[in-house]
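Have the structure open as you read.

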Amino acid sequence: MNHPILDQIQGLRAELAPGDTAPALVTALADGTAPRSATAELAAQQQRIIRSDRRSLLLLAARCADRPVGAWFAALADGESAALRTLPALGAAVGLDPGALESRPPLPGCQAYPHFLAWLALNGEPDAVAVALVTNFTAWGGYCAAIAHALRHRYGLSDEACAFFDFFAQPPAELEQQAADALGPDRLDEPTLATAREYGLLLQAYEHLFWDTLGVIDA
């Protein structure tokens with residue numbers, strides 16, 4: 001029998017699922033028609049995003065440090081640190097040296113997601129933030145899996161260069177179970193679930209904006 005909160009997480013994930021249409025950049029990479037510059041921009045923007053998200057998750061962990069969900073946020077922050085270490089290899093493979101990876105200017109459409117997560121870290125209801133985050137990981141993970149496959153088979157990138165996408169391409173089931181366990185044995189009340197839905201919709205919209213911004217890079 002599923003954990004009561006796991007049922008709620010999976011139900012909300014299904015409700016918020018973005019559908020079968022992949023972002024334009026993911027489709028172009030799969031076809032081998034996307035320029036390497038788009039992947040370079042993705043790597044540079046993720047350098048900023050991962051650093052920001054790590055700080056946001058650590059703040060969330062501190063806000064509920066006396067509860068298991070605080071440790072869950074801290075574990076996510078550790079994961080962001082691990083992902084950050086893979087970005088130099090990706091950048092080098094698509095023509096960015098470490099200095100260029102650090103110095104590329106932020107694109108507002110790409111940085112809306114981490115800005116909203118930073119707002120949530122300060123102002124959000126932590127249980128609702130946890131649910132919103134984990135329900136959004138499935139779509140992100142699926143896109144990363146598709147990109148990792150495309151970069152290997154269409155662009156000839158190495159396993160080391162694809163490690164960033166491999167890291168996030170893992171199925172979300174274990175993370176969902178961990179989130180449910182951290183949130184406690186009882187079902188979330190309706191106000192918390194409604195807030196999680198609101199946060200999830202906004203996170204998903206900002207992620208779409210990230211992909212839409214990268215999808216217009218053509219040189």
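In α3, residues A38, E41, L42, Q45, Q46 and I49 meet F210, W211 and L214 of α11, where contact means heavy atoms within 4.5 Å. By class, this contact holds 6 nonpolar, 2 polar and 1 charged residues. The two helices pack at an angle of about 145°, with axes 10 Å apart, and their crossing is right-handed. Helices here are DSSP runs (H or I, at least four residues) numbered from the N terminus; axes are lines fitted to C-alpha atoms over the stretch in contact, and angles run from 0 to 180 degrees between N-to-C directions.

This is a predicted model, in which local features need pLDDT of at least 70, side-chain atom pairs count only at pLDDT 80 or more, and totals for chains, interfaces and linings use all residues. Residues are numbered from 1 along each chain, and side-chain values use heavy atoms, without hydrogens or water.

How confident is the predictor? On the pLDDT scale (0 to 100), the protein chain averages 94, and 99% of the residues score at least 70.

| Confidence in the protein chain | Helix | Mean pLDDT |
|---|---|---|
| Lowest | α6 (residues 98–103) | 89 |
| Highest | α7 (residues 108–123) | 98 |

The largest pocket has a volume of about 700 Å³, and of its 26 lining residues E80, F137, W140, F168 and L175 are the closest to its centre. The lining divides into 16 nonpolar, 6 polar and 4 charged residues.

Methods. pLDDT = per-residue confidence, 0-100. 1 Å grid on protein atoms, 1.4 Å probe; cavity = no way out; pocket = protein on both sides within 12 Å on 5 of 7 lines; lining within 4 Å. Points joined across faces, edges and corners; volume = space filled by probe spheres on them. Nonpolar A, V, L, I, M, F, W, Y, C, P; charged D, E, K, R; others polar. Left-handed = near helix turned anticlockwise from the far one by under 90°.
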